[in-house]
Amino acid sequence: MKLRFILNGQAIELEAPPEKRLIDLLREDLHLTGAKEGCGEGECGSCTVLLDDAAVHACLVLAGQIDGHSVTTIEGLGKDGDLDPLQTAFIENMAIQCGYCTPGMIMAARGLLLKNLDPSEAEIRNAISGNICRCAGYTQIIQAIQEAAKAYRKEAQL
Amino acid sequence: MNYAQPKELCQLKEILATWEGPCRFVAGCTDFLAQRNGKPWREENLISLTELQALRQLRAQEGALYIGALCTHGQIAAEDLIRSRLPALAAACEGVGSQQIRNRGTIGGSVANASPAGDMYPVLLLLDAQAMVLDAAGEERFLGIEQLILDKGGTALQNKQVLLGFRIPLPGPYGKSAFGKLGERRVVTIAKLSLAVSAHVQEGIMSGARVVLGAAAPKAFLVEEGAQALNGQPYARRFSCGLGEILSQIIQQRISGRASMPYKKEAVKGLAQDVLEKL
């Protein structure tokens with residue numbers, strides 16, 4: 001099937017079996033290895049990407065289903081070589097230990113901040129409740145998301 | 001493998017009329033791909049319904065709410081009309097999986113998968129919903145939600161029959177409803193037991209109550225004895241109607257041989273308190 005979609009802001013076209021999973025299309029065909037496969041069944045959140053600006057599990061989307069839509073991966077977050085405020089905040093708050101969950105965690109947070117620039121702690125916890133960090137650094141992750149939200153708000157006011 | 005992703009219902013009808021062999025319909029794929037994780041799989045005919053915009057709509061008309069089968073859990077939970085008039089449905093959708101699952105998983109997919117632990121069917125049963133079904137001949141018809149789900153599990157949908165959506169009668173201004181579930185975790189959890197309760201409350205008295213127990217048996221079921229215990233009673237005294245005890249006895253009768261029975265018969269008492277608190 002010929003797939004035409006927007007990937008990280010760029011229109012692309014490629015041939016792929018429609019039944020292929022989006023995670024495999026990203027990692028194997030497009031060499032975007034930021035999204036990780038953890039459980040393969042929507043439990044761990046490490047494969048989270050944005051589909052039309054909503055956080056989804058790339059392991060639970062068929063490649064055919066992205067035709068005509070927009071996909072954003074962790075590779076598409078930064079602009080002009082600069083890190084996204086979420087990425088900066090994760091680094092500065094030491095919200096990364098092994099790093100395996102980080103791309104998914106950041107994309108889940110991005111999905112939240114696209115809808116709500118001033119989330120409460122409960123809203124942040126809810127947004128990342130489907131993302132498992134086995135290093136258990138949730139406190140720093142929540143702080144990082146709060147800090148990134150502040151940076152986005154500041155950016156929005158400029 | 002044939003694959004199609006129709007954008008219009010007429011295209012779907014054409015596929016149903018022309019394709020031969022079993023057709024597998026998918027939507028959010030949150031169950032479909034999770035069940036196939038790491039296993040080789042093949043379908044003769046795979047039809048993704050995700051591009052059918054007509055099935056993503058949610059509208060109130062003539063005293064009923066029409067919910068397209070492709071409405072996601074997140075979309076339903078965020079809808080003001082549902083939050084105000086059908087809070088049990090909003091709560092059930094809000095409690096499904098993670099944000100990622102709620103962004104993708106659909107009400108139609110949840111019902112069509114007919115998991116005994118699913119959260120949508122118990123609430124649709126509580127709300128006396130009807131399912132809109134399209135058949136291979138292109139005919140649309142309504143089917144009572146209770147007839148859609150089989151007693152032993154699974155659905156009554158035949159090959160090439162598609163779930164288009166649901167019609168739910170909107171309760172009047174005195175209608176109340178609530179939903180609660182118990183799982184291994186507080187969030188992102190699959191129900192080990194769920195309970196949905198509705199009632200009309202006028203001048204402080206409950207009537208027309210309905211009580212549904214989910215995840216206790218292969219199919220969620222109405223508990224008439226529970227409804228009777230609430231009907232005619234003051235809303236302010238709903239905690240003293242013995243609903244938890246009644247549900248506990250029902251569980252002991254219905255799943256007497258199950259290893260989970262001793263847990264569920266006790267847990268349901270607390271769940272009843274929680275749900276009545278939200279009512």
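Reader: Which helix has an axis that comes within 8 Å of the axis of α2(A), and at what angle do they cross?
Author: Helix α5 (residues 138-157) of chain A; its axis and that of α2(A) cross at roughly 140 degrees. Axes are lines fitted to C-alpha atoms, for helices over the stretch in contact, and angles run from 0 to 180 degrees between N-to-C directions. Helices (H or I, at least four residues) and strands (E, at least two) are DSSP runs, numbered from the N terminus.

Reader: What are the ground rules for the model?
Author: This is a predicted model, where local features need pLDDT of at least 70 and side-chain atom pairs count only at pLDDT 80 or more, while totals for chains, interfaces and linings use all residues. Residues are numbered from 1 along each chain as its sequence is written, and chains are lettered from A and ligands numbered from 1 in the order in which they are written.

Reader: How do α2(A) and α3(A) cross?
Author: The axes of α2 (residues 85-92) and α3 (residues 102-115) of chain A come within 10 Å and cross at roughly 130 degrees. That makes α2(A) oblique to α3(A). Under 35 degrees would be roughly parallel, over 145 roughly antiparallel and 65 to 115 roughly perpendicular, with the rest oblique. This crossing is right-handed.

Reader: And which residues make the contact there?
Author: Leu86(A), Gln87(A) and Phe90(A) on the α2(A) side, with Thr102(A), Ile106(A), Ala109(A) and Arg110(A) from α3(A). They divide into 4 nonpolar, 2 polar and 1 charged.

Reader: Change of topic. How is chain A divided?
Author: Into domain 1 (2-76) and domain 2 (85-157); the bounds come from an automatic or database domain assignment. Their C-alpha centres lie 21 Å apart. The contact between them takes 14 residues from domain 1 and 13 residues from domain 2. On the domain 1 side, β3(A) gives the largest share, 3 residues.

Reader: Chain B now. What order do the strands of the open sheet have?
Author: The 4 strands run β9-β10-β11-β12 (chain B), with antiparallel pairing. Strands pair if DSSP finds at least two bridges between them. β9 (175-182) and β12 (221-222) of chain B are at the edges, each with a single partner strand, so one side of each has no neighbour in the sheet.

Reader: How many bridges join β10 to β11 of chain B?
Author: 8, between residues 193-202 and residues 205-214. Ala196(B) stands opposite Val212(B) in β11(B).

Reader: Which helix lies across β9 and β10 of chain B?
Author: α12 (residues 261-278) of chain B, running at about 35 degrees to β10(B).

Reader: How many residues does the contact take from chain B and chain A?
Author: 21 residues from chain B and 26 residues from chain A. On the chain B side, α6(B) supplies the largest share, 5 residues. By class, that side has 9 nonpolar, 11 polar and 1 charged.

Key:
Contact = placed C-beta atoms within 7 Å. Left-handed = near helix turned anticlockwise from the far one by under 90°. Nonpolar A, V, L, I, M, F, W, Y, C, P; charged D, E, K, R; others polar.
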